[in-house]
Amino acid sequence: MNVLQASALILVALGGTAVVVCRDPLRQAIVAGVFGLLLAILFFVFQAPDVALSEIVIGTVGVPVMFLLALAKLHEQRDDTPEIDQ
Amino acid sequence: MSRRGRLALFGVAAAGLGVVLVHGLVGLPAFGDFHGRYGLLLAHVAVPERKATDIVNSITYDYRGVDTMGEEFILFASAIGLVIVLRRMRGEHRDERADERADEDRPGRRHDDLPDDRHAQTSVALRVFGLALVGPVLVLGVYFASQGQLTPGGGFQGGVILAAALVLVYLAGRYHAMARLRPVPVVELAEGLGAAGYAAIGVGGLISGSSFLLNFVPQGAMSNLPSGGTIALLSAVVGLEVAGAFTLVFAEFMDQRLLTGGRR
Amino acid sequence: MSFLPYAVAAWLLLVGLYGVISSRNLLHLILCLSVVQASTYVLLLAIGYRTGAKAPVFADIPPGTHVVDPVVQSLTLTDVVVEATVTALLLALALQAHKRFGTVDPDEIVSLTG
């Protein structure tokens with residue numbers, strides 16, 4: 001196992017921890033996008049280009065976009081019903 | 001159980017799980033020393049048999065084609081479930097808002113007359129680049145979905161890239177253009193055709209006298225575009241289905257966001 | 001040192017589980033679930049790796065070259081896309097829960113249904 005793979009693995013571990021530790025959903029969406037990119041780099045280094053392509057597309061376009069749209073809808077619902085105690 | 005108690009219980013359980021995991025993972029072959037016979041056999045046999053140079057996609061659509069059919073149907077079912085949940089929510093919300101917005105529907109109102117604050121929010125750079133990139137992204141998506149048997153790519157990646165073009169149009173602020181571009185019946189038809197097409201090609205194998213999902217189309221020559229037989233066809237069909245599913249998912253989330261956001 | 005990939009997979013699993021259990025926001029919980037999913041991808045690809053081997057695409061290398069295991073890559077490839085759709089379904093359910101209960105805190109939702 002060479003240095004590139006070891007550093008990619010450690011970055012992925014740090015990225016995963018950052019996604020969990022970040023409690024605010026908006027910031028977490030951005031951190032999750034970065035985590036997806038780190039995973040894709042790891043998959044490239046593990047000689048898996050198909051999987052890396054999938055992860056790039058999903059982790060940067062699919063999941064963050066859906067998450068941000070759902071978050072925006074949530075804030076709107078929250079504005080619509082101000083009488084419910086948050 | 002209180003939150004503290006729950007976290008303490010989780011700490012104990014996670015420690016136990018960690019010990020079991022480490023014990024199990026140590027028993028695996030050392031990293032880099034994998035001798036899986038199935039993979040070795042397929043890597044030797046796939047190119048002469050199927051003339052497709054991308055072994056991973058040969059396995060996905062041919063040697064393990066039934067697994068992919070199951071995964072495709074999971075995707076199909078999730079998209080349908082999401083549409084059901086969100087459309088019902090949207091229907092309820094629309095009923096609540098119908099009387100409030102009745103006075104907003106002036107007769108002389110133009111179709112793309114967005115509220116002023118929405119125009120001000122989207123920067124010019126985002127609009128220009130968003131719209132300029134829609135074409136190249138569509139071409140990229142079609143490229144990936146059609147070259148699955150030759151290079152890394154395939155239906156799954158190409159389908160999501162095609163759906164991403166819709167997101168670009170939304171980001172560029174042209175919601176009403178987007179509403180014209182993706183008439184929902186066409187998208188739903190595309191998704192259904194993709195899911196049914198996979199099973200239909202599988203049945204073609206049955207009809208040709210042998211087993212389900214047999215690769216019955218002529219294989220062609222290696223490194224040519226029409227190689228791999230049904231691998232290329234199944235990849236294209238999966239691309240259609242994934243594009244339809246993700247477009248539907250994005251569109252449902254966007255409708256949720258935009259149809260009720262106009263009043264601010 | 002060769003245990004590092006498996007250790008990272010186990011760490012991601014445990015950290016993601018901790019995030020799911022200790023979360024105060026349904027949306028945060030869903031992204032922690034995606035970290036747990038990522039641990040399975042790392043584990044699968046780490047199992048299939050062969051030292052000094054190339055990617056299993058014979059477009060420009062002669063057939064018969066030593067390649068990494070392609071079966072686990074096929075599993076992971078479909079897995080990534082499908083679990084994104086399941087995440088979308090979970091997001092829709094979270095929106096529905098917020099509409100019905102008025103909160104996205106898992107602790108409060110449990111206490112509301114009694």
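**Close-up views of a predicted model**

Buried residues account for 52% of the 86 residues that make up chain A. This chain, like the others shown in these views, belongs to a predicted model.

**View 1. Chain A is built from three helices and zero strands.** When the chain is followed from its N terminus, its elements come in the order α-α-α. Chain A is more spread out than a compact globule, because its radius of gyration is 16 Å, which is well over the 12 Å that the globule rule gives for 86 residues. Taken along the principal axes, the box filled by the C-alpha atoms of chain A has dimensions of roughly 60 × 25 × 10 Å. If one considers the contacts in chain A between residues at least 6 apart in sequence, 45% of them join residues that are at least 24 apart.

**View 2. Met69(B) lies in helix α4 of chain B, which covers residues 65-101.** Ala196(B) stands 127 residues from Met69(B) in sequence, while in space the two are 10.0 Å apart, from C-alpha to C-alpha.

**View 3. Chain B meets chain C through 49 residues of chain B and 41 residues of chain C.** On the side of chain B that touches chain C, two or more residues come from each of several elements of chain B, among them α1 (3-26), α2 (37-50), α7 (155-171) and α10 (230-258). The element that gives the most to this side of chain B is α4(B), with eleven residues. Sorted by class, the side of chain B that touches chain C holds 32 nonpolar, twelve polar and five charged residues.

**View 4. Chain C meets chain A through 43 residues of chain C and 37 residues of chain A.** At least two residues of the side of chain C that touches chain A are supplied by each of α1 (4-21), α2 (26-48) and α3 (70-101) of chain C. The largest share of this side of chain C comes from α3(C), which gives 13 residues. By class, the side of chain C that touches chain A is made up of 29 nonpolar, twelve polar and two charged residues.

**View 5. The largest nonpolar core contains 128 residues.** Which residues have the most contacts inside this core? They are Ala70(A), Val160(B), Val42(C) and Leu45(C). The largest share of the core comes from α10(B), with 17 residues. Leaving aside neighbours within four places in sequence, Val160(B) is in contact with Val57(A), Ile58(A), Val61(A) and Gly62(A) of chain A, with Val242(B) and Phe246(B) of chain B, and with Val81(C) of chain C.

**View 6. Chain B has an average pLDDT of 78, and 79% of its residues score at least 70.** Within chain B, confidence is highest in α1(B), at a mean of 90, and lowest in helix α5 (residues 116-121), at a mean of 49. Over residues 108-120 of chain B, pLDDT stays under 50, and the model has five contacts beyond four places in sequence for this stretch. Residues 260-264 of chain B likewise stay under 50 in pLDDT, and for them the model has seven contacts beyond four places in sequence.

Key:
Residues numbered from 1 in each chain as written. Chains lettered and ligands numbered in written order. Predicted model: local features only at pLDDT ≥ 70, side-chain atom pairs only at ≥ 80, totals over all residues. Helix = DSSP H or I, 4+ residues; strand = E, 2+ residues; numbered from the N terminus. Rg over C-alpha atoms; globule rule 2.2 N^0.38 Å. Buried ≥ 20, exposed ≤ 12 C-beta atoms within 10 Å, placed from the backbone. Contact = placed C-beta atoms within 7 Å. Nonpolar A, V, L, I, M, F, W, Y, C, P; charged D, E, K, R; others polar. pLDDT = per-residue confidence, 0-100. Core = buried A, V, L, I, M, F, W, Y, C linked by C-beta atoms within 7 Å.
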